[in-house]
Amino acid sequence: MEFKLSRRSLLQGTAALGATALAAGLPFGARAKDAAIGFIYVGPRDDFGYNQAHAQGAAALKKLGGFKVLEEENVPETVAVEKTMESMINLDGAVLVFPTSFGYYNPHMVKLAKKYDKVRFLHCGGLWSDKDPANAGSYFGYIDECQYLNGIVAGYTSKTGKLGFIAAKPIPQVLRNINAFTLGAKLANPNATTQVIFTGDWSMPVKEAEATNGLINQGVDVVTCHVDSPKVVVETAEKRGIMVCGYHVNQSKLAPKGYLTGAEWNWEELYPKLAKSAAGGEKLPNLVRGGLKEGVVKTSAYGPLVEEKARKHADDIKAKLTAGSYVIFKGPIKDNKGNTVIATGTDRGQTDIELEKMNYLVEGVLGALA
Amino acid sequence: MEASPVRIDDSAAHWQDILRGATEAVAVPVLAVLAALVLFGLFVTIAGVDPFDTYSLMYAGAFGSWFSWQNTLTRAAPLILTALCCALPAQLGMVVIGGEGALVIGGLAAAAIAMALPDSAPLVLQIAMAIAAMAAGAAWVALAGGLRHWRGVNETIASLLLVYIAVAVFNQLVEGVLRDPASLNKPSTPHIGDANMLTTIPGTDIHWGLAYGVIACLLAYILIYRTTFGFGMRVAGGNVKAARMVGLPVGRLVLVACGLAGAAAGLAGMVEVAAVHGKANASLIVGYGYTGILVAFLARHNPLAIVPVAILLGGIGASGGLLQRRLGLPDATVLVLQGLIFIAILTSEVLYGRLPWLKRKPS
């Protein structure tokens, strides 16, 4: 399939092959040169977190060759992102745009997709519905699978059985990670608890540091998080000599001693795939979702403190998740107020729409939603 | 000056003075911006980028085409209104930096009133939203003004701290009682409805917020320089004791100036809700209020100068993306330029009355 996208192969003289493939999809002006693909980040692209994960995906695409990769960072979820997309299209000839922040979707990206119906838009967040334009799409990963594995490793490795979770907002995506982490930990240690602290927003470095220190002072010895940049949490944990599970990207460089493992996005694999399919003129996938099985998420390599028993158990579950034969949210599950939220005998698989509305913390989580 | 010969000469001298003043008012900031651009050129040269490439890209991104102009003007629109929030109290010598809070509270009030009046005609609803937003913003900044007047609380600190309270109130309500249950992962108020959205200025894709800003600046200019009330503001700003001595109602001046200031920022919040997002959510809190302070200071608190200055900063924002994409410069580059312009303009204050070719010739 390589010939479909590569400009090099075209130049090398495999013109017949190349021409058929290229003629299929790209708008006229882009045929002669590399297709321009835009990436837009809501924060700095070197944040050791959410935005870096996307930038790594863009970097993988750049390495592949055959595409002109355009990047813009620190673009707020306002008219600014509309104008950035439009500028990429009008001034740089972008044929595919990746606005990577959740809040870029509606109204901004939807509006632009209607206005530029020849350009493809792929958004990170998994929001597309059939009312939205056909040239718009949205993708997301079941990263709670990796938080579940984080939990297993944390449950085995923690000496106090007290785990900590620093979270931005009590919204379904975040709650799902907290709950998966806790369920994983209880698999390893049924008495494990997760103390959760909500900071209120996606990027609150000072509060995140305070929260981490506060948790450590209460006896927590493994922390993880769901904020845009885990850098502060990971560094604070390392400095205080406790253990940490990463999120978004691999942060082991920030905590060579205490880093256990991490839940990572695998945009390096997805973005080249999506770009190739666009360049090949294939129909835009409107909704892309996947977990370990589809290669949308991955885990960090184990750190030095993770014992054999923990590795074995986590690897075993990971193999089952990768095969698609394991259900994390399997009844009976109670919330931390004692109500049954998933009844005995009910399996809520990854694609179950009910999980997208999650509004509870499972038993074992210390903390409240409001 | 000797005993003046004839009246007509005086009048000529008078007009010369006005011309000289106007030329100075334009020349000094233009020189300052040029100086900042030269320094910025040095900066990008050190960063390994050709400064002339940078300038030409900036021009292309900000003003080089109709698309770029619309980009620039769209970004300038909210800044004009938030700049007024700083510039109006500045006439009284007050430094109010809490425009962000009034914008956030204004946006919240606009979204709340839209929820309360679900079946109104679009125009009625838009007017109600504007009034609610302006009233809420006005009350918010007037609170800082009142604290200053009656309790002697520093208005700069008070207005800044009120921003944090505004954001907390906003988040509490948007994630609580005002939340649209369908907004799962990005808590928002319900959408106001497409029919109720503010439209764009015909022939452009710029929303009406820009026109509101320009009108508000004109009104503010008339208020400050063409009314007794404005004269009172400026007297109190010059010397508050003297103002009290001559019987000016300083308290009322403070409250009204702060109220109008807050109303301007509140209206900016309403425009964000009614023209951009269709709902109130965390995307309202992006720092327009703070950039407005920069605009007001660069405009030396003159409402008419706010418009071109906001367009200049909008243009810098619009061209920033191109610098990142084409030259690989980090986003912070644009902040460096903003900072350089700010320092250059503040430093240029010393040039007033000192430019040799604009000096009044000794008679």
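The model is predicted, and local features need pLDDT of at least 70, while side-chain atom pairs count only at pLDDT 80 or more and totals for chains, interfaces and linings use all residues. Residues are numbered from 1 along each chain as its sequence is written, and chains are lettered from A in the order in which they are written.

R179(B) sits in the loop between α6 (155-174) and α7 (209-226) of chain B (helices are DSSP runs of H or I with at least four residues, strands runs of E with at least two, numbered from the N terminus). Neighbours within four places in sequence aside, R179(B) is in contact with V174(B), P187(B) and T189(B) (C-beta atoms, placed from the backbone, within 7 Å). N281(B) is 102 residues from R179(B) in sequence, with a C-alpha to C-alpha separation of 9.2 Å.

In chain A, five of the five residues of strand β8 (residues 222-226) are buried. V222(A), T224(A) and H226(A) cover one side, and V223(A) and C225(A) the other. β8(A) pairs in the parallel sense with strand β6 (residues 162-167) over five bridges and with strand β9 (residues 243-248) over two bridges (pairing requires at least two DSSP bridges). V223(A) stands opposite G164(A) and opposite V244(A) in β9(A).

Notes
Contact = placed C-beta atoms within 7 Å. Buried ≥ 20, exposed ≤ 12 C-beta atoms within 10 Å, placed from the backbone.
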